[in-house]
Amino acid sequence: MTREDFNFLFHTYFEEVRRYVFYRSGNEEVATDIAQDTFLRLWEKREEIRLETVKGLLLKIASDRYITKYHKEKLAFNFFNTFVPREHAPTPEDQLNYEELKKAYEEALKSMPEKQRVVFLMNRVDELKYREIAEQLGLSVKAIEKRMSQALEHLKQQLKDQLTNIVLLILNSCFFRRLKH
């Protein structure tokens, strides 16, 4: 890719990439930073770029950058940051079980291979369907299914020691919900 090609691509797609990230992040500064970083990465890979597929590549790079820098940090643990057991105040034991489970989940996500983690977060946090993830990442639906299966297996293996805490949280929540009715 020549400098002229890059300039053309920048002027043609920068706003679209920025809007794409803004839509996902809701933050204009983050969107602008990631769009700029996306084009920097494009320039770094200029020898490998095929101009026919550059738009999809730009969106994939932007998506990966967003997930890596912000999405993973801010939204992956949204469940844990907003979870409040319904219908009753948590006991100290519930709170301890919850904190242990949260820590184990965070560690399991950190240790998950990035390709699996990206697919897992896009599906579970962004609530994207496999087809949508496949389109954004430029992969087949089968590849997404395989990565998701691997991600879930990774979590299962990493969290198997926390099974007791998970069951206690669920049972305790259900028990108190029934008492209210």
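Angles under 35 degrees count as roughly parallel, over 145 as roughly antiparallel, 65 to 115 as roughly perpendicular and the rest as oblique. The model is predicted, with local features requiring pLDDT of at least 70 and side-chain atom pairs pLDDT 80 or more, while totals for chains, interfaces and linings use all residues. Residues are numbered from 1 along each chain as its sequence is written, and side-chain values use heavy atoms, without hydrogens and water.

View 1. Helices (H or I, at least four residues) and strands (E, at least two) are DSSP runs, numbered from the N terminus. The order of elements from the N terminus is α-α-α-α-α-α-α-α-α. Of the 181 residues in the chain, 38% are buried; buried means under 20% relative accessible area, exposed over 50%, and partly exposed in between (1.4 Å probe, protein chains only). The accessible surface is about 11,600 Å², and carbon and sulfur atoms hold 52% of that surface. These areas come from the Shrake-Rupley method with a 1.4 Å probe, and for residues only the protein chains shown count as cover. Among contacts (heavy atoms within 4.5 Å) with a separation of 6 or more, 65% join residues 24 or more positions apart.

**View 2. Helix 1 against helix 2.** Helix 1 (residues 3-25) packs on helix 2 at an angle of about 145°, and the two axes lie 8 Å apart. Axes are lines fitted to C-alpha atoms, for helices over the stretch in contact, and angles run from 0 to 180 degrees between N-to-C directions. The crossing is right-handed; a crossing is right-handed if the near helix is turned clockwise from the far one by less than a right angle, and left-handed if anticlockwise. Residues of helix 1 that meet helix 2 include Phe 6, Phe 10, Phe 14 and Val 17, and their partners in helix 2 include Ala 31, Ile 34, Thr 38 and Leu 42.

**View 3. Helix 2 and its buried residues.** Helix 2 (residues 28-44) has 17 residues and spans 24 Å from first to last C-alpha, close to the expected 24 Å. The expected span is 1.5 Å times one less than the number of residues. Val 30, Ala 31, Ile 34, Ala 35, Asp 37, Thr 38, Phe 39 and Leu 42 are buried in this helix. An α-helix has 3.6 residues a turn, so residues three or four places apart point the same way.

**View 4. Leu 51 in the loop between helix 2 and helix 3 (54-75).** Leu 51 is partly exposed, at 41% relative accessible area. Leaving out residues up to four places away in sequence, Leu 51 touches Asp 5 and Leu 9. Leu 51 and Leu 9 are 42 residues apart in sequence, with their C-alpha atoms 9.0 Å apart.

**View 5. Helix 6 against helix 7.** Helix 6 (residues 114-124) and helix 7 (residues 130-137) pack at about 130°, with axes 10 Å apart. Helix 6 is therefore oblique to helix 7. Contact residues include Val 118 and Met 122 of helix 6 and Tyr 130 and Ile 133 of helix 7. This crossing is right-handed.

**View 6. Helix 7 against helix 8.** The angle between helix 7 and helix 8 (residues 141-159) is about 110°, and their axes are 8 Å apart. The two helices are therefore roughly perpendicular. Among the residues in contact are Ala 134 and Leu 137 of helix 7 and Ile 144 and Met 148 of helix 8.
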